Amino acid sequence: MTNIYFPEEKIQKNDLYFICYMIEIVARKLHQKNCYVVNSIGRAGLEHLISVANVLHAENPESVEDEWIEEYSLLEGDVDVMNVDKDLVKKAPSATQMGKVYQRLISDTALPGENEVDGIIRVYNDSICDVIDNYNCSAYYEPSYVIARAYLDGGF
């Protein structure tokens, strides 16, 4: 995918990672599923955000988080992925770790001719996210090729 504002610039893997990371921290703050954030922002919003990701990553993530919430009218929910069984999980993964998990999954399962925004929408709307985001199990911790294979096979 090329940057919508600078067509001579290609979207980089770090731009995709930044968007996945921000989706994660916004969803956690609002107690929403990641797909809610993705679908609320929409294709046009994601195209804009990934095109300015190389600038936004230098901003304070909390400021970017607040801007996304206001700009896209994102609402509070009741999904708390950080509410884990302490007997099973000593420490839930960080938003940066999960951003990397999703960036790899999108990249590893990219369809022919698919751009990064299409990949974001495709992956975050798949039911496998419910398993990956359940930190009481170890799906998020599996190597990226195992997660990609599970996605392609329809589940773990």
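Predicted model: local features only at pLDDT ≥ 70, side-chain atom pairs only at ≥ 80, totals over all residues.
Student: Why is the pair of phenylalanine 18 and tyrosine 21 called tilted?

Tutor: Look at the angle. The ring planes sit at 50°, while stacked needs under 30 degrees and edge-to-face needs over 60.

Student: Where do phenylalanine 18 and tyrosine 21 lie?

Tutor: Both are in helix H1, 3 residues apart, about one turn of the helix.

Student: What makes tyrosine 135 and tyrosine 140 edge-to-face?

Tutor: Their planes are at 75°, and the label applies over 60, so edge-to-face it is. The ring centres are 5.3 Å apart, within the 6.5 Å cut-off.

Student: How do you know whether tyrosine 140 is buried or exposed?

Tutor: Its relative accessible area is 15%, and buried means under 20%, so tyrosine 140 counts as buried. Tyrosine 135, at 1%, is buried too.

Student: What makes lysine 100 count as lying over the face of tyrosine 17?

Tutor: Lysine 100 is 5.1 Å from the ring centre, and the distance limit is within 6 Å. There's an angle condition as well, within 35 degrees of the ring normal. Lysine 100 is listed as lying over the face of tyrosine 17.

Student: Why is the contact between glutamate 24 and arginine 28 called a salt bridge?

Tutor: The N to O distance is 2.9 Å, and the cut-off is within 4 Å, so the contact qualifies. The two residues are 4 residues apart in helix H1, about one helical turn. Glutamate 24 is buried at 1%, and arginine 28 is buried at 16%.

Student: Why is aspartate 130 called partly exposed?

Tutor: Its relative accessibility is 45%. Buried is under 20% and exposed is over 50%, so aspartate 130 falls in between and is partly exposed. Lysine 33, at 39%, gets the label partly exposed too.

Methods:
Residues numbered from 1 in each chain as written. Heavy atoms only, no water. Phe/Tyr/Trp six-rings, centres within 6.5 Å; stacked < 30°, edge-to-face > 60°. Buried < 20%, exposed > 50% of the residue type's maximum accessible area, 1.4 Å probe, protein only. Salt bridge = Lys/Arg side-chain N within 4 Å of Asp/Glu carboxyl O.
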